[in-house]
Structures are given as C-alpha cells and as structure tokens.
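Subject: Handover of a structure

Dear colleague,

Please find the structure below, together with its sequence. My notes on it follow.

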Amino acid sequence: MATAKSKGTIETPLDGGTFISLQKSSNEGDLSMETKLHLLYNLQQADSKIDKIHLLRGELPLEVQDLEDDILGLRTRVENLQTELKEVDKLIAQKKIDLENSKTLIEKYTSQQNNVKNNREFDSLSKEIEFQGLEVQLADKRIKENTLLQAEKKAALTIALEALSERGIDLENKKKELESIVAETAKEEDELKKSSEEISAQIDARMLAAYKKVRTNARNGLAVVTVRRDACAGCFNKIPPQRQMDIASSKKIIVCEYCGRILVSADFENE
Ligand SMILES: [Zn+2]
C-alpha cells in the first residue's frame, strides 16, 4: 500500500478550482465552519460507501458488456460462415454437373468417331474429346479444392457455434451474479444516494464543486480525510503539529499541501 514518501508521489495534482482557493474565503454563509466541515465529512462517508458498493460489483458490469460484444461478433462469424458454406456447396454441385456433362460429351464424340467419313472429321472430334478431357480434369480439381475448403469452413463453424454456446452460458451466469449483487445492495445504495444528495444541498456550490473535483482526481475517491498517526489519511504525508492543532480546532479549511484534500479532525470519525 501507499505510504509516506516524497512529494514526487502525489496522486492528486494541485490545480485551480480545488479546496485551496476556498481557504481564504470560507467564512461566508450562515453555517459555522465546523458545521461545514462536518457536512463535507458526512458527504464523503456516504459517497465512500457508495464507492464500496460499486467496488463489490467490481468488474461484473464490464464482463457482461464484454461477453455481449463477444456474442455479437460470434453471431456475425457464424452467419458469414454459413453463407460461405452455401456458396461452396453450390459451386461443388455445379462442378459435378459440369464434370458429368463433359464425360457424356466424351462418350458421344468417341462413338461418333466410329462413323466418320474422313480424317478431318475424326481429328476434329479428337480435339473436342481432348478439350472435354481437360474440362473433366479442371472440374475434378475444383471439386477437390472446394471439398477441402468446405471441410475447413465446417470445422470453423463448429468451433464458432461451440464458442457461442459457451459465451451464452457465461453471460447468463454473469448476469445472474450481477443482478443478485445489485438486488442485495440496491436499497442501501438508494438510501446512500439520497443522503449524499441531501448533504450536498446544504453545502455551498463552490465547495461542492471543489469536493467533486478532488474526489474525481483521487484514485480512492477521497476528498475529505482525517489526520491519522500524524499524517494525512489521503496521501499519508506527515502533518506538522501546529497544522494538526489548526485542523483539530475546525475553525478554518485546512488543505493537505501534498494532495489537496481537506483535512478534518480525527474526532469526526467517532461522531
Ligand atoms: Zn494529503
């Protein structure tokens, strides 16, 4: 896990529109600073619990999406292979007819050769026989080639159909798993979302915007953290004693100079 190191390992970059700009102008409005900090802390607690629920669902929504994409791709592959197979079948059937026709012609010309009047007619029929002989060879070659192709495509089709059926079963299982997790946590998530919205409504717009910005930039979704073991609970960098006292007094917004998160008293955790 991450521990206190150097300033080089800051995970949330400091930038405009974060809590820093609020440090100076934060005493406006009706609410006391302590109340404002409590609201922010409570908002963070609700949002972190929602994050945890989403973490529980983990990769499942993505896995379901991936499987659905796979199935779509496999269906297209199966359709294409079936179309190609039909073409090959048609071609083989046609070549078989061609082959039979050529053979019939060869028989016909051979018998005609017995009744010719002169050498010229005989030679002419010989040429036809020779030509049809080549046609027979060619048709035979095409039939053999396409029979191989047919076998390849049939094998590919079998593999695609098996994969399609496997993915279909996987998808059903993942969907059931996801649905059951969603069902288990849906009520809790709804309540947390409602609570998050209610708290948000009490926080002024600029502070809420800063909260959202820092939260989005932080990998762990934390924008408001406590001081733990003399360090920021967000980035684990040490906080000087004087600053810790300021934080404990809850009189103003104190932002971690390393990660830009708002620091609140550890006492908040117990309230
Ligand atoms: Zn920090």
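Arg-228 has Ala-231 of strand 2 as its bridge partner. This pair comes from a predicted model, as does everything that follows. Strand 1, residues 224–228, and strand 2 run antiparallel and are joined by two bridges. The two strands form a hairpin with two residues between them. In that turn, Arg-229 has a positive phi of about 45 degrees.

Strand 1 is also joined to strand 4, here by three bridges and in a parallel arrangement. Within this pairing, Val-225 stands opposite Leu-263 of strand 4. Four of the five residues of strand 1 are buried, so the strand is largely enclosed by the rest of the structure.

These pairings belong to an open sheet of four strands, ordered 2-1-4-3, in which the pairing is mixed. Strand 2 and strand 3 stand at the edges; each has a single partner strand, and therefore one side of each is left without a neighbour in the sheet. As a general point, the strands of a sheet pair through backbone hydrogen bonds, either parallel or antiparallel.

The next item is the metal site. Which residues coordinate the zinc ion? The donors are the SG atoms of Cys-232, Cys-235, Cys-256 and Cys-259, at 2.2 to 2.3 Å. The arrangement is tetrahedral because the four donor atoms subtend angles of 104 to 115 degrees around the zinc ion. Along the sequence, the donor residues follow the spacing C-x2-C-x20-C-x2-C. Cys-235 lies in the loop between strand 2 (231–232) and helix 5 (241–249), while Cys-259 lies in the loop between strand 3 (254–255) and strand 4 (262–264), so this pair ties together parts that are 24 residues apart in sequence.

Are these two residues buried or exposed? Cys-235 has a relative accessibility of 13% and therefore counts as buried, the cut-off being under 20%. Cys-259 is buried as well, with a relative accessible area of 1%.

Finally, there is a pair of helices to note. The axes of helix 1 (residues 33–57) and helix 3 (residues 119–202) come within 9 Å and cross at roughly 165 degrees. Helix 1 is therefore roughly antiparallel to helix 3. The crossing of helix 1 past helix 3 is left-handed.

With kind regards

Definitions and conventions. Residues are numbered from 1 along each chain as its sequence is written. This is a predicted model: local features need pLDDT of at least 70, side-chain atom pairs count only at pLDDT 80 or more; totals for chains, interfaces and linings use all residues. Side-chain values use heavy atoms; hydrogens and water are left out. Donors are N, O and S atoms within 2.8 Å of the metal (3.2 Å for Na, K and Ca); water is not among the atoms, so sites may look incomplete. Four donors count as tetrahedral if all angles lie between 85 and 135 degrees; four count as square planar and six as octahedral if opposite donors are over 155 degrees apart and all others between 65 and 115; anything else is irregular. Buried means under 20% relative accessible area, exposed over 50%, partly exposed in between (1.4 Å probe, protein chains only). Two strands pair if DSSP finds at least two bridges between them. Axes are lines fitted to C-alpha atoms, for helices over the stretch in contact, and angles run from 0 to 180 degrees between N-to-C directions. Angles under 35 degrees count as roughly parallel, over 145 as roughly antiparallel, 65 to 115 as roughly perpendicular and the rest as oblique. A crossing is left-handed if the near helix is turned anticlockwise from the far one by less than a right angle, and right-handed if clockwise.
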